[in-house]
Amino acid sequence: MITVLLAIFIPFIAACLVPFIHKFLTGSRIGWFVITIPMFLFALLIRLVPSLSEGASYLYTLPWIPSADIYFSTHLDGLSIIFALLITGIGSLVVLYSIYYLSEREAIGRFYTYLLLFMGAMLGVVLSDNLIVLYVFWELTSISSFLLIAFWYHRKQSRYGAKKSMLITVTGGIFMLVGFLMLYTITGTFNLQELIAMREVIAADSLFIPAMLLVLIGAFTKSAQFPFHIWLPDAMEAPTPVSAYLHSATMVKAGIYLVARFTPVFAGDTTWFYVVSCVGLLTMLWGSVNAVKQTDLKALLAFSTVSQLGMIMSLLGIGSLAFASSESTHIALFTAATFAALFHLINHSTFKGSLFMVVGILDHELGTRNIQRLGGLATIMPITFTIALIGSFSMAGLPPFNGFLSKELFFEAMLSLKEANLLSVDSLVLLFPIIAWVGSIFTFIYCMIIVFQTFFGKVHAPVPGHRPAHEAPIQMLISPMVLGSLVVLIFIFPNLLGTYILGPAMNAVYPQFVGLPGLVPKIHVWHGFGMPIFMTIGVIIVGILLYGFLRYWKGIYSLGFLQWTLDRSYNALLQRIERVASVVTKTYMTGSVRDYVSYIMLFFIALVGIGLLGFQQFIFDFSNDAVIEINESIIIFVMMCSSVAILFAKSRITAIILNGVLGYSIAILFVVFRAPDLALTQIIVETVTTVLFLLCFYYLPEWKNEHKSISMRVRNGLIAVASGVAVTVIALLVQGHSLYPSISIYYETASRLAGGLNVVNTILGDFRAFDTMLEVLVLFIAGLGVFSLVKLRRKKGVDHPEEK
Amino acid sequence: MTKIVFFIILTFGVELFLSGHNNPGGGFIGGLVLSSAFVLLYLVYDIETVHRGTPFDFKRVAAFGVLLAVGTGMLSLLFGDSFLSQTTWLVDLPVFGETELGTMTIFEAGVALTVLGVVVTIILGISEDVE
């Protein structure tokens, strides 16, 4: 299925092309090139929806590193298509919006390069079937998010937010990788579909719980679940299109995707249910409570995103109970929770995306996002107001918007837990509906804050340097208008979405329940007077009351435990790590090259010594060795003389020349042993090194006999002798052992398999090309390292440009 | 004199690089010889003069080399082979007669350019610092 591969790689290729095309399409016009990519991919993917809804799925495998079980396999099914459509669909709208949002003075080329990089990586996450490939793309989304948050890198807050998000999500990713490796040791496969098929084997293994928790940590850090949510509010330093795209619609949903994807693997155990649903509910409550106290609209939306993600997460947790039930009516009761989660996922992307864009418009036109400086905009910016109203009321769970439908399903799922006591689940879960209800009240309150404190009340004086309030240009309004109308359209035709998009996704999450009646329920706009509707009415009444008296009870936010933020712990932890690290580093980084060489040598001796003692196989076998000729003995004698003479050299130049003698003698030795490649390399390396030495002369201190203490001399002497002995012992031992298959087979197969007669080169370029490629990479990195160290040293004393 | 030697070394480097498939030589050695040619130039003339003659940034040369080496590996993925698989073709070229063309040459060219770029970058970095 080449379409899926194209979907992943086209954004990356386009990202590489952006800098070049930017030369021709200057300014923000480059955006018109960029927007074609998500639009094209969206069209490509949506064509597959009908076949997916009939139960098809597309698996396509390319060998990548087959020797390590890593295949570049892509898998498109009902679950991935939801995310892929969100990524490309919202992506198109965000690019369109950003064309008018970013000013011509910004580094627009860089912005779109990062954005496309993210798009490709995110599509890679949801479309790859191999866990290692998934992990690579997962970290790539963290990196592109880092780059986008730090887009305005001259601001200190942007750099802080970027670093924080990177540290938290990448650390979580590494935990997840360990979890994946555990799954690999259990099953011997990295392929998701095979893992799902082997769920019983996994569940019986002792690594089941550790692997589950590690994978969950990855998901929770990415989806900003409590207590890892602290990076999301700081990520709001990114340009608003980025916040709308990465930090509300797509990237933060990667964790949701992972949980949904792994539900068939892990959900048989109630631990999964407890962890996912409790963390989700706690996050929902904490996020919504904190959102109410924010004065920056973007921070408010960030906490609201945290809260909404928690809500989706908790629904997925409840959905996992279906695996513990036996009766089909029960199963349908709990699968409905997952259905609600996926439904709300889409709804959230639509209304939150539009709200972010509205905040971006306010920021762009008025120069502030602070609700204390905003007010009375309803008549001045009527279109923006309408979109904000639709988005907020949908988020609050009011009809006639799609948020109402999913909120009702949410309450219903929470209430279904009272059936769960049949399933040996703790009766504590009966508290869940109450927590959900309280969280929803706070959600209602902050939604009202967005609408009423921004668009009603008295008009404030314009921010200095900005024109008085006015409606945004129509081009900026198109994207939020599209999202806003989707909010209403989904409310009117929810079952269209249910049948074609959510149904196939449910089949992917519950492979063993495919075809079960009630797995894909009908969504009813009105389903009679039941508990959910009473809960919604309660939310509205209590919410309005609390909003009305907000200024009287807002004081409780100054209470101790609500003041407490995890940010402080995060900062303290970071400072402590830096302090300890610098103390430890200072103990051994003495600045003396002599010390560093002795560390390296000591480590080498220890490694070889432990290895030899561990194997206990001191077999010296000289029977096959050739006779040592007289000319060889002469060369070796020259080498010994020159190396001993270095110790007694009186000037530095003598030492360098003697060292050269040593090097060239080795080259001659290679010639004698008929290794022309090695001899050539050795000669050239020797020449270049000598030049380097001569260059470094300038920095070196006077050559003087340092009067070191006797103990120091003895220590250095011992290290030198020991390393010499270690090398000699290895050289002598090698003949007698064959730990690894000999490579001499390449002599016979080189010309047939690699088409070359020079066996050294066929090994370097073909048989072991992977090693060579990595060596080239290491060489390049080392070169850059040397270069930047030299350059940085010179700049010392000059102010760092970033700190201005 | 230096100019002549420089071109001899350059030619030798290219020759080593191209012959590497069947005779002693190859990307790594070729790259080293090329860089030693440049080092010779820098030793004889001053940096500004050489810069005027070779107006390119050696860091970019190295980066391009890495791109080539990794890129050829990626290329084989597109044809359904595993990463870094190499292929050769026998092609009848007008002047050279029957010639063997292989993706390994591109890979080796990447190695050579990386070596050249890195060595010259390091030496230049240090020597520029002297001034």
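Biologist: Which conventions apply to the model and its numbering?
Modeller: Residues are numbered from 1 along each chain as its sequence is written, and chains are lettered from A and ligands numbered from 1 in the order in which they are written. The model is predicted, with totals for chains, interfaces and linings using all residues, side-chain atom pairs counting only at pLDDT 80 or more, and local features needing pLDDT of at least 70.

Biologist: How many helices and strands are there in chain A?
Modeller: Both are DSSP runs numbered from the N terminus, a helix being H or I over at least four residues and a strand being E over at least two. The C-alpha trace of chain A spans about 105 × 65 × 55 Å along its principal axes. On that definition chain A has 33 helices and 2 strands.

Biologist: How many bridges join strand β1 of chain A to strand β2 of chain A?
Modeller: Strands pair if DSSP finds at least two bridges between them. Here β1(A) (residues 58-65) and β2(A) (residues 70-76) run antiparallel, with I65(A) bridged to I70(A), and D69(A) takes a positive phi near 65° in a hairpin that has 4 residues between the strands. The number of bridges joining β1(A) to β2(A) is 7.

Biologist: Are helices α1 and α2 of chain A roughly parallel or roughly antiparallel?
Modeller: Axes are lines fitted to C-alpha atoms, for helices over the stretch in contact, and angles run from 0 to 180 degrees between N-to-C directions; under 35 degrees counts as roughly parallel, over 145 as roughly antiparallel, 65 to 115 as roughly perpendicular and the rest as oblique. Helix α1(A) (residues 2-24) and helix α2(A) (residues 30-46) pack at about 175° with their axes 10 Å apart. The angle therefore makes α1(A) and α2(A) roughly antiparallel.

Biologist: How do the residues of the contact of α1(A) with α2(A) divide?
Modeller: Residues are in contact if their C-beta atoms, placed from the backbone, lie within 7 Å, and among those making this contact are I10(A) and V18(A) of α1(A), with F33(A) and L41(A) of α2(A). Ala, Val, Leu, Ile, Met, Phe, Trp, Tyr, Cys and Pro count as nonpolar, Asp, Glu, Lys and Arg as charged, and the others, Gly among them, as polar. The residues divide into 13 nonpolar, 2 polar and no charged.

Biologist: Is A224(A) buried or exposed?
Modeller: A residue is buried if 20 or more other C-beta atoms, placed from the backbone, lie within 10 Å of its own, exposed if 12 or fewer, and partly exposed in between. A224(A), in the loop between α10 and α11 of chain A, has a positive phi of about 55° although it is not a glycine. Because 30 other C-beta atoms lie within 10 Å, A224(A) is buried.

Biologist: Is R674(A) buried or exposed?
Modeller: R674(A) lies in the loop between α28 (652-672) and α29 (676-696) of chain A, and its phi is positive, near 60°. With 8 other C-beta atoms within 10 Å, R674(A) is exposed.

Terms used. Two residues are in contact if their C-beta atoms, placed from the backbone, lie within 7 Å.
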